[in-house]
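Before you set up any calculation on this model, please read the points below alongside the coordinates.

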Amino acid sequence: MSTRYASSPRSLEEVDITSPDAFSANGYPYPHWAYLREHAPVYWYERPNIAPFWAITRYHDIQRISRDPKTFSNNADITIRADPEESNTVSSTQTHHLLQMDPPEHAEYRSLVNRRFTPGGLRILEDRIDEISAGIVDRVAAELVDEVSGRGQAEFVADVAARLPLAAICELLGVPRRDWDDIHQWTNETIGASDPEFQQGRTRRETARAGTQALFMYFMQLAEQKRREPADDLMTTLVQAELHGEPLNAVDLLSYAFILILGGNETTRNATSGGLLALIEHPEQMERLRADRALLESAVEEILRWTTPIVHFGRLVTEDTEIGGQPIAAGEMVMMWYPSGNRDEEVFDRPDQFDVGRDPNEHIAFGGFGEHFCLGANLARLELRSIFHHVLERLDDIQLAGDVERLRSGFVGGIKHLPVSFTVR
Ligand code: HEM
């Protein structure tokens, strides 16, 4: 994600890493994170209207916390509510899902579906994902081009980036094609509840509730159907799963489907749109990748490092400890800032350069390599490689064709609108 911050803060008091308005106006606060990494890598962040927390901005500290679930628990509100208007669906209290669990319960639940997310388990999806990507880009190339000028115009988020992640999860869960549009609408209401586009006269809360309830009702029916007619899909895996000899109860089963839909959607969408923006802003890297497609794999890793779509997750400290010499008390929260870790100058060579051939690139966009490391990481990589392959294959001379609009959120770093123009190859 690029940033529009012109200068660094001059003191710790000036540091602002949580205001949703600043995220939508300026993009990620990289100069503020850099200031913290240098002056106070474990910083007690106290600001009006936010529960205070320790801001963790260095890569190795994030990794250490992620790998020690005994001292740093997920059993808490692990995202920051910077203002009442910001959507905060991941830590909703009516659900019981992986991101809210600690060992040993967490590993038991995760093992129910883990196999489907390994490279081997995803192999059956590979061709379908490629087919869907090709279809998405073919439509753009066929329908959105002005016949006179020969130039195409697209809103890259709606026309491309948002489409594949949802389709991929629907395929995985076994949602039939005819229902994808409904799922799309309900997830938009759930995640984008602050957006007037999805509210249609309702409040944010009403919009989110309507979306969540519709999704839950739908998955309940889908589960029923898969019980009657089992298929080779994730919903069937979930309805057949047993923990300690018992099937999953309704809340656990629905929460699973829910976290997969929510976890896999906006993140991959924003890596896609943010990745294209990075390539447009670094034309020499775009050319390099076009000239040498063997770089696609490392380019996707660099896009993940560069965009880091999840901005933070937190942990509750369960016993007195210290990080980097700073004492931390039981009951306090630590918040890990993944985009900051991904620009840590102690770990990455030239961290502020976008380099599609970067190697090594052990980024933490999917988390700090602990218990909760992103379940969908292999799937996300598969999707990103496939969509960028088809974009590069079909679309040429891609340029910005209007203002980039960013999401008003300090949790998911998002691009709402990315107007582009292009020619067709
Ligand atoms: C570019 C895309 C993605 C990014 C940047 C991303 C990022 C993350 C991060 C940072 C975490 C927390 C890691 C931690 O606490 O250590 C996470 C967890 C998770 N992600 Fe992703 N994710 C992406 C795509 C996906 C996809 C496609 C799916 C599902 C199909 C998914 C499902 C999940 C789930 C279920 C968890 C919770 C895992 C657990 O608690 O054990 N994610 N993801």
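1. Basis of the values. This is a predicted model, in which local features need pLDDT of at least 70 and side-chain atom pairs count only at pLDDT 80 or more, whereas totals for chains, interfaces and linings use all residues. Residues are numbered from 1 along each chain as its sequence is written, and side-chain values use heavy atoms, with hydrogens and water left out.

2. Overall fold. The secondary structure of the chain comes to 16 helices and 14 strands, where helices (H or I, at least four residues) and strands (E, at least two) are DSSP runs numbered from the N terminus. The radius of gyration is 21 Å, close to the 22 Å that the globule rule gives for 425 residues, so the chain is as compact as a globular protein of that length; the radius is taken over C-alpha atoms, and the rule is 2.2 Å times the number of residues to the power 0.38. Along its principal axes, the C-alpha trace spans about 65 × 55 × 45 Å.

3. Of the 425 residues of the chain, 59% count as buried, with buried meaning under 20% relative accessible area, exposed over 50% and partly exposed in between (1.4 Å probe, protein chains only). Among contacts (heavy atoms within 4.5 Å) between residues at least 6 apart in sequence, 71% join residues at least 24 apart.

4. The ligand shell. Which residues are the closest to the ligand? The ligand is surrounded by 30 residues, and the closest are H106, R110, R315, H372 and C374; a residue is counted as near if one of its heavy atoms lies within 4 Å. The shell divides into 18 nonpolar, nine polar and three charged residues, on a scheme in which Ala, Val, Leu, Ile, Met, Phe, Trp, Tyr, Cys and Pro count as nonpolar, Asp, Glu, Lys and Arg as charged, and the others, Gly among them, as polar.

5. An N or O atom in the side chain of H106 is 2.6 Å from an oxygen atom of the ligand, and for R110 the corresponding distance is 2.7 Å. A polar side-chain atom of R315 lies 2.8 Å from a ligand oxygen atom. The elements that give two or more residues to the shell are α4 (105-111), α12, β7 (312-317) and α16, and the largest share, six residues, comes from α12.

6. Helix α14. This helix (residues 296-307) has 12 residues and reaches 16 Å from its first C-alpha to its last, close to the 16 Å expected at 1.5 Å a residue, the expected span being 1.5 Å times one less than the number of residues. Because 11 of its 12 residues are buried, α14 is largely enclosed by the rest of the structure. The cover over the buried residues of α14 includes α2 (30-39), α12 (250-281), α13 (283-291) and α16 (377-394). Just after α14, T308 takes a positive phi of about 30°.

7. Helix α2. Seven of the 10 residues of α2 are buried, and the helix is mostly covered; the buried ones are Y30, P31, H32, W33, Y35, L36 and R37. They pack against α1 (20-26), β1 (42-45), β2 (53-56), α14, β10 (333-337) and α15 (338-341). H39 also lies in α2, and at 45% relative accessibility H39 counts as partly exposed.

8. Cis peptide bonds. The peptide bond from P103 to P104 is cis, with omega near 0°, and P104 is found in the loop between β3 (72-73) and α4. Another cis peptide bond joins D359 and P360, with omega about 5°. P360 belongs to the loop between α15 and α16 and is exposed, with a relative accessible area of 62%.

9. Positive phi values. H244, which is not a glycine, has a positive phi of about 50°; H244 lies in the loop between β5 (242-243) and β6 (246-247) and is exposed, at 68% relative accessible area. R350, in the loop between α15 and α16, has a positive phi near 40° and counts as partly exposed at 36% relative accessibility.

Key. Polar contact = N/O pair within 3.5 Å; in protein donor to acceptor, adjacent residues only side chain to side chain.
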